[in-house]
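Visitor: Could you take me closely through one single part of this model, and then connect it to the rest?

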Amino acid sequence: MITTIEPSALSGAILAPASKSSMQRACAAALLRAGETVIRHPGYSNDDKAALGVIKDLGAEVSELADGALRVKSQGVAPSGELEVNCGESGLGLRMFAPIIALSEKAIRVKGEGSLLKRPMDFFDEVFPQLGIRVVSNGGKLPLEIQGPLQPRDIEIDGSLSSQFLTGLLFAFAAAGAGERGVAIRVRDLKSKPYIDLTLQVMKHFGWEVENRGYAEFRFPAERRTGEPEYTVEGDWSGGAFLLVAGAVAGPIVVRGLDEWSTQADKAILQALCDSGATLEMRGEEMLVGPVDGAASGPARAGLKAGGAGPVGLRAFTFDATDCPDLFPPLVALAAYCEGVTVIKGVSRLAHKESNRGLTLQEEFGKMGVRIELDGDLMRVHGGQGVKGATVHSRHDHRIAMACAVAALKASGPVTIEDAEAIEKSYPDFYRHVAQLGGKVNIEL
Ligand SMILES: O=C(O)C1=C[C@@H](OP(=O)(O)O)[C@@H](O)[C@H](O)C1
Ligand SMILES: C=C(OP(=O)(O)O)C(=O)O
């Protein structure tokens, strides 16, 4: 699919999509809690669909209710039939579900697709044998063959590559009765900490209270509370960040459905928007975001630099994205329109995402005339010098496609995005939402 975005002014209101981080965790919890669970406001991105596929493969029955909610009936991890599970392209899907799959005593083959086949999974080779799990990987990559049952034991893990492995172990330890055995998970150098807050929050909702000792040790209580039988998937701050940046560059717009009390890591986009000088007004779950006050958008308005350099007045900022790495792409789109050099820390966290995002951002934004320097863990974006119309490539990475589309909104000419369907991984409605806000979007299948 090829999508072309022409310079546009945005206005109006839009509802943020469902968070795949929240939805995938809800699927895991619904599988493990056994009985009936209703998931409200479910997502339908490819990663969400993959999570639903995994829990069905593990024995859950999923049906849609008249109001669009999903009902999950489960007896815990109880696979039958073909013992193969497909995690699609989802890093969280694989890393969270692998320890859950290992609750079964059956040998189960775990496969994936696309970029997931190249992402590192040697964590399992190292850690699973310590928990009594037999694992065979393809040199630290997919496919895996796993045979449990997982025995919760005191364990120490490295949290520096990804928090997703810990998310999986927390669910699986709780379900395997770690509390009765008094065991703990100790973690060195945990990154992406807010994602663990979200894991613990979802677990608590469903009755598993885990004690978090400074993100270095996690302990499980002896008894489980009765949890709630229903869960409402949160609005997505990660996809929402692209909408908010689009509003700051080409708005003003209103974004609905983002909870300001959410534990989601990517809520931190608000700090960057404030530091850039964008207009931001929060009214409960409705947020108005626009260019700097007085520098209204729209190509014909005064206050815009020649060559489509965007709204005057946004200024460069510094930001540490170590614990919210998915914000890099929208931050780069924002920084491209900020006068001066924006410095973003945490580049080393990007090497093993759907693409090596430090490099892919540098290369694709380079095609639009935006200079990005990579200096160890720092990224420097030279902004406010104009964004040129160009043909770019998503590099099969949903967040690169969305970042380029947002940057296109005030470029000097149309931006054509090749392999634009990558957005389906997290935000299938993204182009439709931009068009609904007045963005000039042309899609060629
Ligand atoms: O737990 C989650 O929902 C996620 C955790 C983060 O990964 P890392 O912990 O690997 O940084 C993030 O990048 C990913 O998109 C989703
Ligand atoms: C890296 C991402 O997801 P995951 O690791 O779950 O594939 C993402 O959504 O940007």
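Guide: Aspartate 158 is partly exposed because 15 other C-beta atoms lie within 10 Å of its own, the class between buried (20 or more such atoms) and exposed (12 or fewer), with C-beta atoms placed from the backbone. This is a predicted model, in which local features need pLDDT of at least 70 and side-chain atom pairs count only at pLDDT 80 or more, while totals for chains, interfaces and linings use all residues. Residues are numbered from 1 along each chain as its sequence is written, and chains are lettered from A and ligands numbered from 1 in the order in which they are written.

Aspartate 158 belongs to strand β10, residues 155-158; strands (E, at least two residues) and helices (H or I, at least four) are DSSP runs, numbered from the N terminus. Its C-alpha atom is separated by 5.8 Å from that of valine 187, which is 29 residues away along the chain. Once neighbours within four places in sequence are set aside, aspartate 158 is in contact (C-beta atoms, placed from the backbone, within 7 Å) with Arg188 and Asp189.

To widen the view, the domain assignment, which is automatic or from a database, gives domain 1 as 2-17 + 235-444 and domain 2 as 20-225. Their C-alpha centres lie 31 Å apart, and the contact between them takes 19 residues from domain 1 and 20 residues from domain 2.

Elsewhere in the model, helix α9 (residues 269-276) has Ile269, Ala272, Leu273 and Ser276 as its buried residues. Seen down the axis of α9, these fall within an arc of 100°, so they line one face of the helix; the arc is that of the directions from the helix axis to the C-beta atoms. What covers them includes α8 (237-250), β16 (279-283), β17 (286-290), β18 (318-320) and α10 (328-335), and just after α9, glycine 277 takes a positive phi of about 90°.

As for confidence, pLDDT (the predictor's confidence in each residue, from 0 to 100) averages 94 over the protein, with 96% of the residues scoring at least 70. Over residues 297-309, however, pLDDT stays under 50, and for this stretch the model has 29 contacts beyond four places in sequence. The model scores ipTM 0.99 and pTM 0.96.

Technical notes. Two residues are in contact if their C-beta atoms, placed from the backbone, lie within 7 Å.
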